[in-house]
Amino acid sequence: MEGILTVVRTVFWGLLMLSLLVFVHEGGHFLASRLMGVRVTEFFLGLPCRFNLHRVSRRIGTKFGVTPILLGGYAMVCGMEPEGDSALAARVLGSVHRRGKATVEDLAQSLSVSEDAVMAACIQLADWGSIAPVYDTEAGERPGVYYATTYAAMPRDAKGNTLYDGRGFDRAHATAEGEVWAPPTPDEEFFQAERSRTYAGKGFWARAFILVAGVAVNLVTGFLLLMAIYSLVGVTVSLDINQVGSVEAGSPADSAGIEAGDVITAVNGVETATFTEVGYELETVGPGGAASLAIERGGDALTITATLDEEGALGINVPQETVHLDIGQAASVTWSYLAMTAQSIGNLLNPQHTMEVLNSSTSVVGISVMAAAAAESGASTFLSVSALISFSLGFMNLLPIPPLDGGKLLIEVIQAIIRRPVSPKVQERISYVGVALFGLLFLYMLRLDIVRFIL
């Protein structure tokens, strides 16, 4: 039973840590998107699931919530998926709003195109928050299972704003969902106006900002957590003095009557002024040897003889104290951890160090074990480990491998250089390669963790 509880605790703390850090990462994308005027339809803690708790924001229309699949989080930023036939999408967008509500079949007949082409356009426009899917539950349609076959016009004000556009939306004078709204401009202009409110419709620098925002938030979160711990909670440091910090129960020191706080002034007649010197003199005694210790306790001088164990240990620990760093010191120590993490992740791209880094890395199993151990040690330890994992998560996402943020940023740079979009098919193939690569890396690190922590 205890073994089962240990597994449950380990899984719980691991999922909690990773989910919160991924949620924070997605929060960066969400905030940057809203700052750039990009619509975000959903922002959830946990992976997509039709069973969830949520609330729709009256100000920006975003659905905020939590799902039972606590393996991260996600933000549905409009326009991040590859675009299809823009000419057809523009016609579909205008037609749906002039009708108020229409089925894919009706749209296909009126526009003289295939239902598959219309469905692709509707899916893209729904992803943009430009039209609303109407699910026929009796036919088995529901989000995440089957696409809707009917789509409705979004509630819009006179300027064409929707609830997803935030403060610009004139709610008091807007239409209702499914109500006819005649676009005041040609379909292509209407379509481009909608596209301008999506990730795809923004310029290079805005898109780059949205991509790196998740990484930046992870790094800033980790930095602030460590600084707060070092300056407010404090850090435990070892003191190299000749005083006993603690005595291990059942150890030779315990049996000999040595107590915490005793000052060891000499070992076998050799004076000792630091804990390092005490340790050195005990090493000269060797396993099973007897050590004569000159001790000061409460102003009294004592001589205690203790026999070391078979490993040559006495069973005493170095004294420790909690030190609160000032802001400058805390920032300096935190920066060193940040730099070491960046160097370690960067070495993944160096063939000479790739395997070295992988062998010292860990999967979700190892992170769960560390999270559980940190939680048992206290809140400050748990938050410290979370900060270091946040650094790793941030820098890992900067690797130029799709579908990571760094990989998407690389594609954006390539598109900016060649001055034309990279084909959606090419992007899809590159993403498949990236997913396969990370699948192999995950299996490799999972195997290492099983050997480390289970076998």
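Predicted model: local features only at pLDDT ≥ 70, side-chain atom pairs only at ≥ 80, totals over all residues.

Me: Why is F30 called buried?
Reply: Buried means under 20% relative accessible area. F30 has 9% relative accessibility, so F30 counts as buried. The residue lies in helix α1, which covers residues 2-35.

Me: Which residues does F30 touch, leaving out those up to four places away in sequence?
Reply: F30 touches V40, F43, I60, T62, F64 and A75. Contact here means heavy atoms within 4.5 Å. As for A213, the C-alpha atoms of F30 and A213 are separated by 8.7 Å, and the two residues are 183 apart along the chain.

Me: Is L410 buried, exposed or partly exposed, and what makes it so?
Reply: Buried is under 20%, exposed is over 50%, and partly exposed is in between. L410 has a relative accessible area of 37%, so L410 is partly exposed. L410 is placed in helix α13, residues 405-418.

Me: What patch does L410 belong to?
Reply: L410, V413, I414, I417 and I418 form a nonpolar patch on the surface. Together they have about 400 Å² of accessible area. A patch takes residues with over 30% relative accessible area, and L410 has 37%.

Me: How do you know that β6 and β7 pair?
Reply: Two strands pair if there are at least two bridges between them. β6 and β7 (residues 150-153) have four bridges, in the antiparallel sense, so they count as paired. Within this pair, V134 stands opposite T150 in β7.

Me: What is the order of the open sheet that holds these strands?
Reply: The sheet has three strands in the order β5-β7-β6, with antiparallel pairing. β5 (101-103) and β6 (131-134) stand at the edges because each has a single partner strand, and one side of each is left without a neighbour in the sheet. From one strand to the next, the twist averages 30°.

Me: Which helices lie across β5 and β7?
Reply: Helix α2 (residues 86-99) lies across β5, β6 and β7, at about 75° to β7. Helix α3 (residues 104-111) lies across β5 and β7, at about 85° to β5.

Me: What joins β3 to β1 and to β2?
Reply: Four bridges join β1 (residues 40-45) to β3 (residues 63-66), and these strands run parallel. L45 has V66 as its bridge partner in β3. Four bridges also join β2 (residues 53-56) to β3, here antiparallel, with V56 opposite K63. β2 and β3 form a hairpin with six residues between them, and G61 in the turn has a positive phi of about 75°.

Technical notes. Residues numbered from 1 in each chain as written. Heavy atoms only, no water. Patch = residues over 30% accessible without salt bridge, like charges linked within 9 Å, V, L, I, M, F, W, Y side chains within 5 Å. Areas by Shrake-Rupley, 256 points an atom, 1.4 Å probe, with all protein chains shown as cover. Salt bridge = Lys/Arg side-chain N within 4 Å of Asp/Glu carboxyl O. Helix = DSSP H or I, 4+ residues; strand = E, 2+ residues; numbered from the N terminus. Buried < 20%, exposed > 50% of the residue type's maximum accessible area, 1.4 Å probe, protein only. Axes fitted to C-alpha atoms, helices over the stretch in contact; angles between N-to-C directions.
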